[in-house]
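Subject: The structure for you to look at

Hi,

Here's the structure I said I'd pass on.

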Amino acid sequence: MSDTQFTIAIDGPAAAGKGTISKAVAARFGFAHLDTGLLYRAVGRRTLQGMEPIAAAQALSAEDLEQGDLRTAEIAQAASKVAVIPEVRSALVDFQRAFARRGGGAVLDGRDIGTVICPEAEVKLFVTASAEVRAERRFLELSAKGSDVTRDQVLSDVRERDARDAERSTAPMKPAEDAVLLDTSDLSIEAALAKAIEVIEKLRPAKS
Ligand code: CDP
């Protein structure tokens with residue numbers, strides 16, 4: 001593995017396909033991948049268990065990310081509530097930046113990677129889709145795991161979370177000025193991935 005630092009920042013609203021694209025891009029280029037939403041989800045889960053959010057963020061450990069299912073609707077809401085707290089966000093910055101600059105390349109997906117965590121990232125993508133399309137994808141994902149949710153509930157959760165994420169004053173969700181926008185509303189996952197790879201290939205240093 002080379003020492004080359006190459007960071008790909010993939011941001012966007014809830015259930016836009018960031019996770020799927022990030023994993024596939026990381027596998028394709030042999031880069032490490034960090035789903036930064038899991039950090040906020042792990043802090044959110046701690047608060048559901050009664051812990052104070054800032055203390056939970058400061059005490060976050062690798063085990064918190066590995067135990068149980070963090071990708072539930074309840075934990076997603078809790079995550080977006082703790083994510084508005086500036087001290088929670090600042091407790092998670094160093095870990096994310098160190099991950100981004102590890103040798104061999106890194107893909108990070110979240111809401112503020114291209115704007116706040118890695119403004120110097122070599123590639124920035126903002127992946128989006130209509131709220132209806134995103135809610136349908138998340139509904140299918142949650143139902144497949146046996147979660148007892150309705151389409152309407154998922155759509156209103158997604159809208160509520162998007163509004164909270166975009167309107168908070170610290171590190172609001174928004175595309176970086178130099179981000180490439182990728183609207184996946186009418187794209188299959190294969191087509192969305194092909195577009196992402198096309199953008200990355202153009203910006204990737206030539207192999208020596
Ligand atoms: O998978 P999904 O897009 O639904 O959510 P996620 O990426 O797991 O993020 C869960 C929540 O964490 C988001 O709604 C945000 O409030 C928060 N988050 C954030 O504030 N900043 C990030 N870099 C990543 C997630």
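This is a predicted model: local features need pLDDT of at least 70, side-chain atom pairs count only at pLDDT 80 or more; totals for chains, interfaces and linings use all residues.

Let's start with the ligand. It has 19 residues around it, and R41, R71, R138, R161 and D165 are the closest. If you sort that shell by class, you get ten charged, five nonpolar and four polar residues.

For D112, a polar side-chain atom lies 3.0 Å from a ligand nitrogen. On its own the ligand has 530 Å² of accessible area, and the protein covers 98% of that.

Where does the ligand sit? The space it takes up is the largest pocket. The elements giving two or more residues to its shell are α2 (37-48), α5 (73-82) and α9 (151-167), with α2 providing the largest share, three residues.

There's also a cavity to look for. The count comes to one cavity of 30 Å³ or more, and the largest cavity has a volume of about 110 Å³. Its lining is made of 13 residues, with A73, A76, R138, L142 and R161 nearest the centre. Here α5, α8 (131-144) and α9 each give two or more residues, and the largest share, four residues, comes from α9. By class, that lining has six charged, five nonpolar and two polar residues.

Cheers

Methods:
Residues are numbered from 1 along each chain as its sequence is written. Side-chain values use heavy atoms; hydrogens and water are left out. A residue is near a molecule or strand if one of its heavy atoms lies within 4 Å of it. A polar contact is a pair of N or O atoms within 3.5 Å; within protein, one must be able to donate a hydrogen and the other to accept it, and residues adjacent in sequence count only if both atoms are side-chain atoms. Accessible areas come from the Shrake-Rupley method with a 1.4 Å probe; for residues, only the protein chains shown count as cover. On a 1 Å grid over the protein atoms alone, a cavity is a set of points where a 1.4 Å probe fits but cannot get out, and a pocket is an open set with protein on both sides within 12 Å along at least five of seven lines; lining residues have an atom within 4 Å of a point. A molecule sits in a cavity or pocket if more than half of its atoms lie within 2 Å of its grid points. Ala, Val, Leu, Ile, Met, Phe, Trp, Tyr, Cys and Pro count as nonpolar, Asp, Glu, Lys and Arg as charged, and the others, Gly among them, as polar. Grid points are joined across faces, edges and corners, and a volume is the space filled by probe spheres set on the points.
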